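Here are some friendly notes to read beside the model. Please keep the structure open while you go through the points.

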Amino acid sequence: MLTQRFLHLSRWLRSRQQRHRTRYDLRHLDDHLLADIGLDRATVERELRKPFWR
């Protein structure tokens, strides 16, 4: 039981860290690179404003 809770917490933390890293990386891309992956600055700004748990 305790092991399952620890694994769940560990997965949750990893997913939050991944979101943080992705948002950090998006923030630092220029508009040309964003266009290459099909995003625009407004979409990135909306993503950056999301709370960490979303």
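1. First, a term for the points below: buried means under 20% relative accessible area, exposed over 50%, and partly exposed in between, with a 1.4 Å probe and protein chains only. This is a predicted model, in which local features need pLDDT of at least 70 and side-chain atom pairs count only at pLDDT 80 or more, while totals for chains, interfaces and linings use all residues. Residues are numbered from 1 along each chain as its sequence is written, and side-chain values use heavy atoms, with hydrogens and water left out.

2. Now the overall fold. The protein has 3 helices and 0 strands, and its elements run α-α-α from the N terminus on. The radius of gyration is 15 Å, well over the 10 Å that the globule rule gives for 54 residues, so the protein is more spread out than a compact globule. (That radius is taken over C-alpha atoms, and the rule is 2.2 Å times the number of residues to the power 0.38; helices, H or I of at least four residues, and strands, E of at least two, are DSSP runs numbered from the N terminus.) The C-alpha atoms fill a box of roughly 50 × 20 × 15 Å along the principal axes. Of the 54 residues, 9% count as buried.

3. Next, a helix pair. Helix H1 (residues 2-27) packs against helix H3 (residues 41-49) at an angle of about 145°, with the axes 10 Å apart. Axes here are lines fitted to C-alpha atoms, for helices over the stretch in contact, and angles run from 0 to 180 degrees between N-to-C directions. H1 brings Arg23, Leu26 and Arg27 to the contact, and H3 brings Arg41, Val44, Glu47 and Leu48; contact means heavy atoms within 4.5 Å.

4. Which residue touches Glu47, Leu48, Lys50, Pro51, Phe52 and Arg54? That is arginine 23, not counting residues up to four places away in sequence. Arginine 23 lies in helix H1 and is buried, with a relative accessible area of 9%. Its side chain is joined to that of glutamate 47 by a polar contact of 3.0 Å. (A polar contact is a pair of N or O atoms within 3.5 Å; within protein, one must be able to donate a hydrogen and the other to accept it, and residues adjacent in sequence count only if both atoms are side-chain atoms.)

5. Is arginine 49 buried or exposed? Arginine 49, in helix H3, is exposed, with a relative accessible area of 61%. Arginine 49 and histidine 20 are 29 residues apart in sequence and 12 Å apart in space, C-alpha to C-alpha.
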